[in-house]
Amino acid sequence: MAKAATQLAAPPPEPAKPMNGAERAAVLLLALGEEYGAKIWAQLDDDELRQLGVAMSTLGTVAASTVEAMMVEFVTKLSTSGAVMGNFDATERLLRQFLPPERVAGIMDEIRGPAGRNMWEKLSHVQEDVLANYLKNEYPQTIAVVLSKLTTTHAGRVLAILPEEVAIDVVTRMLKMDPVQKDVMDRLEQTLRTEFISNLARTRRRDAHEVMAEIFNSFDRQTESRFMSSLEDQNKEAAENIKKLMFTFDDLAKLDNGAIQTLMRQVDKEKLAMALKGANESVRRIFLTNMSQRAGKMLTEDMEALGPVRLKDVDDAQSSLVNMAKDLAAKGEIMIVKGGADEELVY
């Protein structure tokens with residue numbers, strides 16, 4: 001009787017919806033998590049990853065009872081099991097544990113489909129000459145729609161590179177453009193995503209000078225000076241190109257006052273004192289002039305109180321400030337200038 005009452009009081013189990021192979025595999029991998037699923041992820045090729053990613057991102061909530069039954073079917077015991085949630089963010093987060101960022105970006109672009117976020121934002125960051133080279137073979141109306149979705153600055157740069165007869169036709173069409181129907185825009189986004197963005201992610205290689213500039217940025221000043229001197233003797237042009245791409249502690253002097261103040265709000269005061277202890281006068285001055293008189297005096301006293309310091313400690317502190325400036329720039333909170341004629345300001 002008591003058993004019957006318990007059975008009557010318990011809610012009826014939810015019927016499990018039928019799942020295909022990819023969905024069942026996705027549930028299994030979500031349940032295994034990062035620690036136990038890593039070796040499986042590493043063995044999958046791009047097509048398998050794509051299928052699993054699509055399945056995982058659309059799973060929604062899977063009941064614990066379904067997870068348990070599935071684990072039993074895979075001859076696996078799931079103790080203290082619970083429901084798992086499959087969505088875009090969870091999928092991307094898990095993929096990033098085992099795959100290079102560029103592979104994850106390409107896979108997630110395809111999973112999200114034409115309505116995926118960041119599509120036009122990604123296109124706005126493609127170099128104008130690369131984008132113009134792709135668009136010049138498209139219909140002028142298509143080019144007009146694409147440029148209308150970009151920032152005006154980026155669209156202008158792309159337009160300036162296009163063949164003149166094509167560019168004039170595009171301008172005319174943009175002036176008379178009607179709102180684009182949603183299904184047409186979806187198809188255009190899908191085409192750009194599959195034929196351009198994905199191919200670009202697979203084929204784009206970083207400039208060797210840019211990579212080397214980042215490596216030189218990671219050196220302490222003695223190592224950097226030694227390598228740069230040797231490179232200047234062998235290939236002066238390459239050395240100059242690397243210098244233009246590097247962002248060093250001395251480049252902080254080129255930041256505007258707002259950027260300096262943003263940086264100072266983030267940095268530890270002891271680290272700032274250590275970094276400025278070995279700074280040249282122009283860098284030290286720009287920091288001090290962006291402080292109140294009292295704060296500037298206290299910072300100067302802190303630097304004096306440090307006494308003699310190891311060059312390595314100064315380098316570490318300065319590298320920390322440079323990396324913090326780069327992080328703030330990546331978030332769009334400040335703008336950094338590395339040098340070169342194109343980035344000089346004209347008043």
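Helix H20 supplies the largest share of the lining of the second largest pocket, namely eight residues, where helices (H or I, at least four residues) and strands (E, at least two) are DSSP runs numbered from the N terminus. The structure is a predicted model, in which local features need pLDDT of at least 70 and side-chain atom pairs count only at pLDDT 80 or more, while totals for chains, interfaces and linings use all residues. Residues are numbered from 1 along each chain as its sequence is written, and side-chain values use heavy atoms, with hydrogens and water left out.

The lining of this second largest pocket consists of 22 residues, and those that lie nearest its centre are Phe219, Glu224, Thr248, Phe249 and Gln318. On a 1 Å grid over the protein atoms alone, a pocket is an open set of points where a 1.4 Å probe fits, with protein on both sides within 12 Å along at least five of seven lines, and lining residues have an atom within 4 Å of a point. The space in the second largest pocket amounts to about 510 Å³, a volume being the space filled by probe spheres set on the points, which are joined across faces, edges and corners. At least two residues of the lining come from each of helix H13 (208-218), helix H14 (221-234) and helix H20 (311-330). By residue class, the lining divides into nine charged, eight polar and five nonpolar residues; here Ala, Val, Leu, Ile, Met, Phe, Trp, Tyr, Cys and Pro count as nonpolar, Asp, Glu, Lys and Arg as charged, and the others, Gly among them, as polar.

Helix H13 also contains Met212, which together with Val211 and Ile215 forms a nonpolar patch on the surface, with about 200 Å² of accessible area for the three together. Such a patch is made of residues with over 30% relative accessible area and no salt bridge, nonpolar side chains (Val, Leu, Ile, Met, Phe, Trp, Tyr) being joined within 5 Å, and accessible areas come from the Shrake-Rupley method with a 1.4 Å probe. Met212 counts as partly exposed because its relative accessibility is 32%, which falls between buried (under 20% relative accessible area) and exposed (over 50%).

Six salt bridges are found in the structure, each being a side-chain nitrogen of Lys or Arg within 4 Å of a carboxyl oxygen of Asp or Glu. In one of them, Lys243 is paired with Glu232, and the closest N and O atoms are 2.4 Å apart. Because Lys243 lies in helix H15 (residues 236-245) and Glu232 in helix H14, the pair ties together parts that are eleven residues apart in sequence. Both partners are partly exposed, Lys243 at 36% relative accessibility and Glu232 at 25%.

A salt bridge also joins Lys254 to Asp251, with 3.0 Å between the closest N and O atoms; Lys254 is partly exposed at 44% relative accessibility, whereas Asp251 is buried at 8%. Within helix H20, Lys312 forms a salt bridge with Asp316, whose closest N and O atoms are 3.0 Å apart, and because the two residues are four apart in the helix, about one helical turn separates them. Lys312 is partly exposed at 49% relative accessibility, as is Asp316 at 41%. Elsewhere, salt bridges that share partners link Glu232, Glu240 and Lys243 into one network.

Note on methods. Patch = residues over 30% accessible without salt bridge, like charges linked within 9 Å, V, L, I, M, F, W, Y side chains within 5 Å. Buried < 20%, exposed > 50% of the residue type's maximum accessible area, 1.4 Å probe, protein only.
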